[in-house]
Amino acid sequence: MMEHVLVVYATITQHSQKLAQAVGKALGVQAKSVEECSKDDQAELLFIVGGIYAGKSHPQLVSYVKNLDNTQVGKVVLITSSASITHRKQKELREILTSKGIAVLDEITCPGALLFIKLTHPDKRDLQSVAGSARTIAAKPLISYMQ
Ligand SMILES: Cc1cc2nc3c(=O)[nH]c(=O)nc-3n(C[C@H](O)[C@H](O)[C@H](O)COP(=O)(O)O)c2cc1C
């Protein structure tokens, strides 16, 4: 049987790990780093959490989604943090998933400050807000699966 929700992240400065753990906690599942994922993992709803580096997604997430197929995963929600507000989109991940027939339901975004700029994002409020949005999205498919 498919496990309902899976939360997967890749990270360089731990922001995505923090966000994934907050989302996992809100949804009652353990967030996993992309290295901990196995080929057999299945999910009705998959949250993929990552930052933007030189304008691109984390390369580990790109290979991860390249290896997914639509019998394994129902729908995906992207969770993205970046320093700059423009380009805070995981365009490549979205394109790969869509081309595989895996629908991207939504993209939840939040600020992710670069380490050398002394700003603390994602902060507690960012984590709460992202986890809240994830919970709202997860509640919808749960209802539709019961039909
Ligand atoms: C090597 C590196 C390159 C980055 N390049 C960009 C960038 O091009 N645009 C941007 O908005 N943020 C950039 N950032 C900021 C990250 O996207 C942001 O801090 C994100 O929250 C990092 O997530 P992580 O800690 O999970 O790796 C960069 C960060 C690092 C470490």
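The paragraphs below lead through this predicted model from the whole chain to its strands, helices, ligand shell and loops. Residues are numbered from 1 along each chain as its sequence is written. Because the model is predicted, local features are given only where pLDDT is at least 70 and side-chain atom pairs count only at pLDDT 80 or more, while totals for chains, interfaces and linings use all residues.

The chain holds 4 helices and 6 strands, where helices (H or I, at least four residues) and strands (E, at least two) are DSSP runs numbered from the N terminus. Read from the N terminus, these elements follow the order β-α-β-β-β-α-β-α-β-α. The radius of gyration of the chain is 14 Å, close to the 15 Å that the globule rule gives for 147 residues, so the chain is as compact as a globular protein of that length; the radius is taken over C-alpha atoms, and the rule is 2.2 Å times the number of residues to the power 0.38. Along its principal axes, the C-alpha trace spans about 45 × 25 × 25 Å.

Of the 147 residues, 37% are buried, a term that requires 20 or more other C-beta atoms within 10 Å of the residue's own, whereas 12 or fewer make a residue exposed and a count in between makes it partly exposed, with C-beta atoms placed from the backbone. Among the contacts with a separation of 6 or more, 75% are between residues 24 or more positions apart, a contact being two C-beta atoms, placed from the backbone, within 7 Å.

In S1, 5 of the 5 residues are buried, so the strand is largely enclosed by the rest of the structure. In a regular strand the side chains alternate between the two faces of the sheet. Here Val 5, Val 7 and Tyr 9 point one way from S1, while Leu 6 and Val 8 point the other way. S1 runs parallel to S3, to which 5 bridges join it, and also parallel to strand S2 (residues 32–33), to which 2 bridges join it; two strands pair if DSSP finds at least two bridges between them. Val 5 has Leu 45 of S3 as its bridge partner, and Tyr 9 has Ser 33 of S2.

Helix H1 has 13 residues and reaches 18 Å from its first C-alpha to its last, close to the 18 Å expected at 1.5 Å a residue, where the expected span is 1.5 Å times one less than the number of residues. The buried residues of H1 include His 15, Ser 16, Leu 19, Val 23 and Leu 27. Just after H1, Gly 28 takes a positive phi of about 75°.

Helix H4 (residues 124–145) contains Ala 134, which counts as buried because it has 26 C-beta neighbours inside 10 Å. Leaving aside neighbours within four places in sequence, Ala 134 is in contact with Val 23, Ala 26, Leu 27, Phe 47, Val 77 and Ile 108.

The shell around the ligand has 18 residues, of which Thr 13, His 15, Ser 16, Gly 51 and Gly 112 come nearest; a residue is near a molecule if its C-beta atom, placed from the backbone, lies within 6 Å of it. Helix H1 (15–27), strand S3 (43–53) and strand S5 (73–82) each supply at least two residues of this shell, and S3 gives the most, with 3 residues. The shell divides into 7 nonpolar, 11 polar and no charged residues, with Ala, Val, Leu, Ile, Met, Phe, Trp, Tyr, Cys and Pro counted as nonpolar, Asp, Glu, Lys and Arg as charged, and the others, Gly among them, as polar.

Most residues other than glycine have a negative phi, and most peptide bonds are trans. Gln 14, in the loop between S1 and H1, has a positive phi of about 75° although it is not a glycine, and counts as exposed with 12 C-beta neighbours inside 10 Å. Ala 54, in the loop between S3 and strand S4 (56–57), has a positive phi of about 50° and is exposed, with 4 other C-beta atoms within 10 Å. The peptide bond from His 121 to Pro 122 is cis, with omega near 0°, and Pro 122 is found in the loop between strand S6 (103–111) and H4.
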